[in-house]
Amino acid sequence: MIRFFRGHAKEYDVRSLLNICLSISESCFIRNYLCRRLRAGGLQLMLCIMPALSPAQESSNTASLIMAERWSDAARAMLREAAAIAPTTGGLPEIQARAGYLDDALDTITRMYPNSQSWGYLELVRGTPNLNPEIRAQLVVQATAAARADGANNLLMFRAGQLAQLTVFHAQEGRSANAASLYAEALQTATRSLQDQANGGYRPVTQELRNATPGTVSEAMFEQVRALLPRVRASQDRTFACVDLAVAAERQSKPALANAFIACGLVEAKGLASAGQRASAETELGTVAVRTGFRHPVLEKPAKIKALREARDGRCEEAYAIATRQGQNLYVDAPQDVLSALVDDALSRGDMKCALYIAQRPKEPVGFVDAATWQRMADKQLARGERQQALVSYRKAGHTLTDGHIEYQRSEYDVRRALQLADSMRNAGLTRESTQLVMQTYGMLAKIYPRNIDGRLAAAIALAPALWRVGEFAAARQLLADACNGLATYDESGAGKIRKARLLVAAGDAAAQIATLSGGKTPHVGPQR
């Protein structure tokens with residue numbers, strides 16, 4: 001047994017430590033040699049040799065900044081590199097601003113395609129709560145101007161969606177007059193897209209309403225778009241606009257209006273040529289109908305709807321049986337989809353007995369899926385004041401992730417789920433269990449398939465701030481530095497460019513988080529322009 005990690009009073013068996021040390025290494029020669037030595041006589045390895053097992057390559061400039069713990073500089077360098085490669089990478093401008101580099105964030109937005117710039121400005125405002133109020137107001141003005149900009153690359157359908165997004169933003173901010181004006185403009189733009197460009201329709205608008213925060217969409221807004229739907233030529237666009245509006249109305253606590261859109265969607269779905277699209281629409285409408293009380297024979301056919309209704313009628317066992325009888329293929333795990341829906345619905349209704357019944361009986365154990373179920377259960381129990389039950393559920397979530405054979409193949413998703421669970425456990429007061437889970441997550445890296453290079457790097461990057469938070473500074477530093485060295489070898493042509501940018505953004509965000517955790521001051525996000 002070996003003690004490691006800055007003198008912590010913990011012991012780990014040799015094989016587990018070997019897996020940790022090899023978590024970044026891609027060298028089959030080194031791996032095979034060490035495994036032979038391990039079998040021969042129990043090779044004792046200290047974590048400090050991990051740098052020697054990293055890929056043989058020169059350290060990148062960014063990796064050097066990380067090893068010197070110049071976290072803010074490293075974050076800025078990685079985020080700038082991502083912006084130069086693919087400025088539309090999700091979350092990039094807001095991460096730059098949160099790290100304290102507002103000028104860099106604004107430069108990134110100006111590099112985006114015209115039809116993405118309004119979204120970029122608005123996401124920057126939403127994702128950076130400590131923005132100077134004057135700068136915040138200026139960015140909203142710029143977002144509006146970008147949404148209205150003419151140009152061959154800014155199609156009317158995109159502009160309609162951007163204006164609808166601004167509508168929802170102003171409604172959330174309580175500026176109802178601005179919201180009403182922008183909404184009218186969004187509908188006019190969507191109508192022009194049908195007339196002038198023969199594409200689009202009102203889906204960009206209805207999708208924004210669907211995702212709006214409860215309490216922000218008025219009944220008048222629903223009625224305005226409903227009156228325009230007959231102008232849409234394509235039955236597919238009309239059908240799924242009705243689906244969007246049904247979901248949105250139920251979310252806004254307007255069941256009567258939701259039922260009207262369910263009826264609208266059923267009528268329009270009859271004109272769909274694709275049986276798959278029709279089934280998709282009917283299942284979504286049926287899911288809303290379960291919550292609003294709407295009944296129609298067509299909506300009773302999908303297995304998911306049957307299961308939800310059985311559970312709501314108090315027959316959880318029958319609902320479970322319906323779910324587990326479903327088939328699955330390479331693309332869709334129908335049983336798991338229905339079981340997850342049953343758990344979510346039961347938790348939303350406070351039916352903890354049914355949720356517990358299903359959580360205890362996964363059809364096929366899948367670590368990160370089952371852990372998510374138990375974590376949702378624990379979060380709900382904690383919100384209900386059932387602290388002891390919540391602690392039991394959190395521990396079960398941890399066990400589903402960490403139990404299993406040593407050769408069990410892991411993925412990036414196992415690591416991410418474990419880290420999310422560790423955060424929830426720490427917030428619930430399970431500090432010791434949270435720290436233990438983070439340490440166990442370290443061992444998962446070695447079990448990610450070696451050829452899944454993106455997944456291995458993404459998992460290591462996500463883990464670094466968690467390790468720093470629990471005091472494993474050297475390990476966090478080395479993981480992130482090794483990831484940067486790995487990214488330096490990426491091909492920047494074609495899809496490789498997008499993959500590298502996505503990982504650079506994640507690494508820059510991780511470095512910025514560590515800068516905050518380490519007490520390093522970042523520039524104030526205030527007037528810079």
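Is W468 buried or exposed? W468 is buried, with a relative accessible area of 7%. Buried means under 20% relative accessible area, exposed over 50%, and partly exposed in between, with a 1.4 Å probe and protein chains only. This is a predicted model: local features need pLDDT of at least 70, side-chain atom pairs count only at pLDDT 80 or more, and totals for chains, interfaces and linings use all residues. Residues are numbered from 1 along each chain as its sequence is written, and side-chain values use heavy atoms, without hydrogens and water.

Now the rings. Rings of Phe, Tyr and Trp (its six-membered ring) pair if their centres lie within 6.5 Å; planes under 30 degrees apart are stacked, over 60 edge-to-face, the rest tilted. The count comes to five aromatic pairs. Y320 sits in helix α17 (residues 316–324) and Y357 in helix α19 (residues 352–359), 37 residues apart. Helices are DSSP runs of H or I, at least four residues, numbered from the N terminus. Y320 counts as buried, at 16% relative accessibility. The rings of W468 and F473 have centres 4.6 Å apart and planes at 55°, so this pair is tilted. F473 is partly exposed, at 28% relative accessible area.

Step back to the whole chain. Buried residues make up 52% of its 529 residues. The chain has 26 helices and two strands; strands are DSSP runs of E, at least two residues.
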